[in-house]
Structures are given as structure tokens and as C-alpha cells.
Amino acid sequence: MRKMIHNPVLRGFHPDPSIIRVGEDYYIATSTFEWWPGVRLHHSRDLIHWELIEYPLNRVSQLDLKGVGASQGIWAPCLTYDKGTYYLVYTVVKAFYCNMYDTNNYLVTAESIHGPWSEPVALNNFGFDPSLFHDDDGRKYIVSMVTDHRIPKKYAGRLVMQEFDAEDSKMTGPVKEIYAAKDIFLEGPHIFKRKGWYYLFSADTGTGELHGQTIQRSRNIWGPYEMYRPDYDAFRQKGEAYSVITSRHHEDILLQKAGHCDLVETQDGEWYVVHLCGRASKERNCQDAKRFAGSRRYMIGRETAIQKMRWTEDDWLVLDNGTVVPQEMVEAPKCADQAKEEVAYQKLVRDDFDSEVLDLEYQSLRVPMDQDYISLTERPGWLRMYGRSGLASLFSQCLLARRMTEYHMTAEICMAFEPDVFKQMAGLIVMYDTENYLYLHISKDEDAGKCIALLKAENKNYEYLTGYLAIEPGKDIVMKVVLKDCSAQFYAGYREGTLQSVGPSVDASFMSDEACEEGWFTGTMIGICCQDLTGFGKHADFDYFQVSDSE
């Protein structure tokens, strides 16, 4: 009996997947936006078990995210491999919430997937989602979508392509348009070749619940491309894309928002795609919301799933299940049965900070957590965080976070912190972006002294959900948050005592792709942080940080 893939395979904020196979090894790259380091890489040998490996963009010379806005930064990496070299193409978005987008596209290379990766080569700035195709004659091409700042736009979607000279590491030859349409918007394009056909595989219709994936083909890489039209016209509405994979019209299934695919062939000649998806919560936006009125909320963000594909007799690619609808359980490839039993990658649950290097699960906002921000040696067995800028900062936050991966989760920390003034804070945070978070923190009030408070930020509206709750100086404090569905209940107490609830149970679903007004492409993170708005760098020490899927 064949083994099964259980979707999503990368749970929590892991959108825009790109996949390759090198021998018996599979690798997936996903977007990281404003979170540092850049681009998450996962490895597998059976498409079932996935292990997080080193980030390719881990030097400021490769990636400078200071000042980028929410949900800007790294968009839609494309990972490829050719003749002993790994190639990673990606966009760094520096401005998006205006008509004239700044979408700078780059390429880095490495001889090993584990690095080191090269300094970036600038490609072009036409739009985001660039993809590199290696033709069998040795030539290489970059295809990407095009942003249009004009009002009104002349096209709903456009794709362009240009040749890339690998020897001189530069674009060469003319830029040619290979797709333009007034009704169907395409992005995230990939080109692959089979039986003399060039296939243009593109995401359609945004990245929300109407999202999907289309496929076109041509005998000439420059086109013209013919779009495949699946036989499901009973569902299709006027202007709707001809998606080969989509969740629209199926609001009851687990994997919503399906689209933005990439394709891989196994060593046994089987075909699979990775695609982004989302698991909806029970909560919705209000009917008068500024954006996405009445939409379901996706607090975890967009994730990565895998589907099995097959080729039709006339050489079109379709889902193996005979529909256009993604499945939660998918038959694994033959290599999964042939390979030795893989032990599921043990993700970090409790970190006692006994190592001198941070676990790969952690990411920070925009800047690396170097010696100016943290220390794992100053107090052995503890993580020391030096207070830096406030939580609204786009430049110098001292913050480390891990992904929310399920709707039922628990996080707990133990910390030592002796603030001198109210401008010094440290604690436990549940965060979507710099405008949306719940922050249980220690500070010092002129009247209450050392104290705990719970701060809520929702789309630039700030409120304290508690008063300043006095605590004793000199004692280690334990903080905890329990997330159930979209409700968050915080707790606090001394290390040697019992924990008491702090504040009310809070509807945390405002930390969602649909509810956040500035950024809406990432996902909720659970973290620890320290601020010192005096500029003196007051430190906080953390003894452990535990995050689990159950209480």
C-alpha cells in the first residue's frame, strides 16, 4: 500500500513554493517577505517528511531589508539546478503600496544547497515573481510578470521574458512579451519543457480564495502560447481563469487559496506540484471592512501543499484525481516506498538556549540578530536580548519569532528583566506585523513599580487590555499564551508558583492576511522581544522558549 502525503506539508507561513529534485533529494524554497534571514529552504527524500535547512540569503550584502514595509521584502523565490550549480532567483520589494512598485529582481548561485551562496546579480525590475528556465540547448531565460502603474491598467496581467547570459551574469537580448490579457491576471510564471513543448505554468487570480493555476504551451519558447481549458465549464463564470488547480467554488474543503504552483518529476517518472494554500478560521471580516469585506480570516497565513499530477493523452498536465480540486491526502511517490523509513524531522519545541547558535526556526524582523542585538554566551544557558527600537520600527527591532502552525497552540517563556523606566519593555508577543500584535510584557511604572501589562495593536489602534499589574523585583517571570481557534489567553506568574490569567481572552483573528490593512502576505508569528526607547540598551534574559501544538 502506497504511503500518503498529508497536506499542508509546510505548515504555517510558507507561501509561493518552488521545488527541484537533484538525484534523490528534493528541495522547496518559500517566500519570507520582511523576515530575516531570506528564503526558507526545506529538504526531503520522499515528499512526506521535510527538514528545514540553511537559509541562502544570510548576509546583509545579499539582502538589506531595513525600512521595507509590512509584507514587502522577499517575494516568490525560484529555485533551479543545472550542471552542478544551484540557482535562486527572487524579488526584493522595496515599495508596493503605491502605483509605482519597486520590484528589484536578483540571482544568487551556489555549488552546494547548503551554501555559501554568491553575492546577488541584479536582473531586472519589470515586476515580481521572476523564474529562471534552463533550456536543453544550454541557453537560459528569465520570465516574470509586469507591474503596470497606469490608471487604468492596459492589461489585467502581462508576462515578459528575456535571455540570461550565465557566463557574463547579465540579461541579454530583447525583452519580449509572451502573455497579455485584459481579464485573466497571471503571476508566478515558470517555464518547463517536455516532448518538444514549452509549458508556461502560472498562478492566476490573485492570492486569495479565488486563486488558481493555469497552464499554456507553445512549440516556440517565445510563443504564442495556447492556454489549456479544463472541462469544468459548469463552474466557470465570465472572466474566470481556466485553472487546472483551484479551490474556488469549494469553500468546504481544507485547502483553500490553492495556486502558485511549481512542478517536479520524480526519479521514477511521476509528476507532482507544490502549491500554496490556506486553512480558513471560523472568523470573518465585518461587512464594512476596508478590505475584503466579509472574507474569512486566515490567521496562520499561506502554507505549502503537494498534489500528484498526470499527463493527458494529448500532453496536457492535470491533477491525478481527475478534478481541479486539491486534496488533503495525496498518494506519495514510489520513491517513498522504496526508500528506508524516514524519521519525521523533529521541529524545535522547547529551546533552553544551551547552544551558542540560534536554531534555524527563528527569524527576526528585517535585520539579523547579531552581537548588537543578542548574546547566547554572556549568560550561559540563557538568551540575552538588548533593548532596541520600538515595535513599530522598520530598522532595528530586537525580536525573534517562530511560526504559528496550528489553530491550537501554546507558547511559554521564562525571563529575567529589571527595567528602570517605562520605556524599557520585554516579553512574549503574538505578532502578524508592526501594526498588529498582542504583547504581554514587563515594564516599570512610576506608581506600580515593576509590572506586567498586555498591549494590543490592531491596524494602528493601540490599547492596553490590562492595568499595570505589579510584580516583585528580582524574580524570574513565566509567561504563557494559549491559542484556541482564534482566541488568545495570556498567563503569567513566578517560576516557583502557579500561573494566573492576565487580561481577557482576546479574539486574535485580526492577525490575519485578510484583516491587516497594510500587509497581507505573511502569517502570525510567536516571539520574544526587548525594547529600550531610552537608547541605553537595557537587556532581558530568557531561560527558555517553548512552542507546541497542544497545551
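**A guided reading of the predicted model**

R384 is buried, and D541 is buried as well. These two residues belong to a predicted model, and they form a salt bridge in which the closest N and O atoms are 2.7 Å apart. The pair links distant parts of the chain, since R384 lies in strand β28 (residues 383–386) and D541 in strand β40 (residues 539–548), 157 residues apart.

The setting of this pair is a protein chain whose secondary structure comes to 1 helix and 40 strands. Of its 551 residues, 61% count as buried. The C-alpha trace spans about 75 × 55 × 50 Å along its principal axes. For 551 residues, a compact globule would have a radius of gyration near 24 Å; the protein chain has 24 Å, so the two agree. Among contacts between residues at least 6 apart in sequence, 59% join residues at least 24 apart.

Further charged pairs can now be considered. Side chains of opposite charge can pair when their charged atoms come close. The structure holds 38 salt bridges. One of them joins E331 and R2, with the closest N and O atoms 3.9 Å apart. E331 lies in strand β24 (residues 329–331), whereas R2 lies in the segment before β1 (4–6), so the pair ties together parts that are 329 residues apart in sequence. E331 is partly exposed, with a relative accessible area of 29%, and R2 is partly exposed with 23%. Both residues also belong to a network of salt bridges that links R2, E270, K308, E331 and D337. Another salt bridge is formed by D148 and R150, whose closest N and O atoms are 2.9 Å apart. Here D148 is buried, at a relative accessible area of 10%, while R150 counts as partly exposed at 35%.

E34 presents another case. Its place is in the loop between β3 (25–30) and β4 (35–36). E34 is buried yet has no salt bridge. The nearest side chain of opposite charge, R366, is 4.3 Å away, and a salt bridge requires the atoms to be within 4 Å. The side chain of E34 does, however, reach the backbone nitrogen of S71 at 3.0 Å. Leaving aside neighbours within four places in sequence, the residues in contact with E34 include L65, V68, G69, A70, S71 and Q72, and also S364, L365, R366, D433 and T522.

The strands β7 to β10 may be followed next. Strands of a sheet pair through backbone hydrogen bonds, either parallel or antiparallel. In this model, 4 strands form an open sheet in the order β7-β8-β9-β10, with antiparallel pairing. β7 and β10 (121–122) stand at the edges, each with a single partner strand, so one side of each is left without a neighbour in the sheet. Even so, 9 of the 10 residues of β7 (residues 73–82) are buried, which means that this strand is largely enclosed by the rest of the structure.

β7 pairs with strand β8 (residues 85–95) over 8 bridges in the antiparallel sense. The two strands form a hairpin with 2 residues between them, and K83 in the turn has a positive phi of about 50°. On its other pairing, β8 is joined to strand β9 (residues 102–110) by 9 bridges, and these strands also run antiparallel.

Key: Residues numbered from 1 in each chain as written. Predicted model: local features only at pLDDT ≥ 70, side-chain atom pairs only at ≥ 80, totals over all residues. Heavy atoms only, no water. Buried < 20%, exposed > 50% of the residue type's maximum accessible area, 1.4 Å probe, protein only. Pairing = 2+ DSSP bridges. Lys, Arg positive; Asp, Glu negative; His and termini not counted. Polar contact = N/O pair within 3.5 Å; in protein donor to acceptor, adjacent residues only side chain to side chain. Contact = heavy atoms within 4.5 Å. Rg over C-alpha atoms; globule rule 2.2 N^0.38 Å.
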